[in-house]
Amino acid sequence: MKAISGSQMISEALHKEGVEIVFGYPGGAALNIYDETYKQKYFKHILVRHEQAAVHAADGYARASGKVGVAFVTSGPGFTNAVTGLATAYSDSIPIVLISGQVASSLIGTDAFQEIDAVGISRPCVKHNYLVNSIEELPRILKEAFYIARSGRPGPVHVDIPKDITAAIGDFDYPQEIKMLTYKPTYKGNAKQIKKAAEAISVAKRPLLYLGGGVIASNASELVRKFAKKTGIPAIETLMGLGVLAHDDENLLAMAGMHGSYAANMALSETDLLIALGARFDDRITGKLSEFARYAKIIHVDIDPSSISKIVNAHFPIVGDLNFVLEELIEKVEVNPENIKDWKDILSRYDKLNPLAYSDSDEILKPQWVIEETAKIAGDDTIISTDVGQHQMWAAQFYPFSRPRQLITSGGLGTMGYGLPAAIGSKCADPKKTVINFTGDGSILMNIQELMTAAENDIAVINIILNNNFLGMVRQWQTFFYEKRYSSTDLSVQPDFVKIVEGFGGVGFVCKTKDEFRKALKEAIKLGKVAMLDVRVDRFEDVLPMVPAGAAIYNMILKSKE
Amino acid sequence: MRRVISVIVLNEHGVLSRISGLFAGRGYNIDTLTVAPIPETNLSRLSIVTVGDEKVLEQIVKQLHKLIPTYKVIETGEFVEKEMALVKIPLSENLGGLDAILKAYNGIVANTNENFIVVMVADDTIRVKNFLKAIKKYNPIDIVCGGSVLMDM
């Protein structure tokens, strides 16, 4: 056993956990950690330009790769800047380990320079957190942090380490195995419950698969595809579940929810057996609860017991890992195609009645066209990140996602400013893939400084701004529900996005026509540099369908307000 | 609805604030909370009395289970529940009948000096409440109540 410093322990632990890349920003309390980072050869460190982006980048890396994302920040403001990143990852159950420097142990509680109660602040927005009290407990805490982040329902873990402990010397006895008295996730579902669920599926007349982000998190998409193929049961996806089934899968009715397709939302409203897999019944999906899936019995499979019956009561609750549960379900379930033929016919008619569509124009660029065209030009081997707003919903509706981990988006928290740093993290996870960030003229300005991070490290992410001179989604709500009083949403005064990206060392394009867009995107892909396409789109285009907040999910607004 | 919950947790830094945060985060008040280490273990036991609707409390119990340091949550079944109270009464009051009241509630005189007498009771919550009503006539100048201590049967 070798006696080493706390900072060396961090590097050694990261090495043992297979960490290849860390995103971060140094500062006084993190100096020892950064000195060791400079000396070690295990992992690459990417200097971001704002701590929030460090956590979003680690989050994007985790979503794209399926591994644990890691970020370093310093104490005080370094840490508080990182909180939005933690909350974003927590909302979407993304495995992250955030290591923050803290003032020396002797100074804790004295209002020292750059001191903040970091674990007190992060507590409600992480799966677990630690304030390290001694060098002796550091190896165990680091091991537990990675284990907790990636096991069970994944999530961010925060480790706050005082500066004296990063300098202290101790024995590095990194545990081989985890022995935690109190934390034991349940992986294997209850066999009796699974059997009952299988029987219910076999006799249902209007069954519906409801696929959430948990399918992707548990890498169970292949099994879900197998299950859908064997049973022929129609499926809907949440925003976080997009890509579980390929866009052209014959069973898929597209996304459900506030901006879900007509067919998906009607399916939710008329199903007699909702089979929820790794989905948590977010209010953006359920709409008015008393009207949600009102004729349905509910099978809910989730690794987190507290998710089950939290919002809607599950008739067949199954706590466990989807991989275990689905293997058993696939084996046991038998669906007679005749049983569900009428149901599929009805849904198919719904789909034809109100397909996801928009009226295209050659005069003005339509955002939906830009998204569809991007997919045609960039091809299938692309990762899409988004910011938050109308562009995010259009991307969810119109981009043909064909695999899990293809869409990187902030679902639960809805964090504007997420897209660019998450795109950087995704590109680091899979450098060979084209990474495109759909963003808005509002969102991009929230972390635009990360163009520098991308340019410095040759991380060629392409940002497509669907520029409508508005905070578009808020404008849309103001149009429908506030009599067009566009309070603080008009962004007519705009920066020169091309000059901005050029100033950071990238390339920029303004696109006002279809030809300009096609040419610019092809050029951006060819150049392989950080790029920004300022795409001027129709200012008043709405995201439709739309379910007003609190309305029943079948009460969809299908037309724009004149 | 009044609910009592016993939670057994690892005795570690910040665990109490994790638990109280679950209640605070949902806008629920904790009526009483007592906590002490369990002898010869690295665990602590919390006794929580709260009021709230069943659905939210069910969710709080699930969330308590979910906390990494939580070993066990006991929320159903029969509990022995005891509460204590200390009452400071000026010696200048007419203390006639105090002995009988103390006897009725298993109370004792905990301490006294030249100015005050401090009496103590430890009993069922409702009986402690009744004791506090009965003792009002002595014009107590301070009352300190401890939270409920619970043991499941």
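In this predicted model, a polar atom of the Thr382(A) side chain sits 2.9 Å from the backbone oxygen of Gly379(A), a polar contact in the sense of a pair of N or O atoms within 3.5 Å, where, within protein, one must be able to donate a hydrogen and the other to accept it, and residues adjacent in sequence count only if both atoms are side-chain atoms. Thr382(A) belongs to strand E15 (residues 382-386) of chain A; helices (H or I, at least four residues) and strands (E, at least two) are DSSP runs, numbered from the N terminus. With a relative accessible area of 0%, Thr382(A) is buried (buried means under 20% relative accessible area, exposed over 50%, partly exposed in between, with a 1.4 Å probe and protein chains only). Leaving aside residues up to four places away in sequence, Thr382(A) touches Tyr399(A), Arg403(A), Gln406(A), Thr434(A) and Ile436(A), contact being heavy atoms within 4.5 Å.

Some backbone geometry in chain A also deserves a look. Most residues other than glycine have a negative phi, and most peptide bonds are trans. Ser309(A), however, has a positive phi, near 60°, and is found in the loop that runs between strand E13 (297-302) and strand E14 (316-319). Its relative accessibility is 12%, so Ser309(A) counts as buried. Asn469(A), not a glycine either, has a positive phi of about 55°. Its loop lies between strand E18 (461-467) and helix H19 (472-481) of chain A, and at 18% relative accessibility Asn469(A) counts as buried. As for peptide bonds, the one from Leu544(A) to Pro545(A) is cis, with omega near 0°; Pro545(A) is placed in the segment after strand E20 (531-536) of chain A.

Over in chain B, helix H4 (residues 125-134) has Thr125(B), Val128(B), Phe131(B) and Leu132(B) buried. These four are on the same side of H4(B) because they cover an arc of only 115° around the axis, the arc being that of the directions from the helix axis to the C-beta atoms.

Residues are numbered from 1 along each chain as its sequence is written, and chains are lettered from A and ligands numbered from 1 in the order in which they are written. As this is a predicted model, local features need pLDDT of at least 70 and side-chain atom pairs count only at pLDDT 80 or more, while totals for chains, interfaces and linings use all residues; side-chain values use heavy atoms, with hydrogens and water left out.
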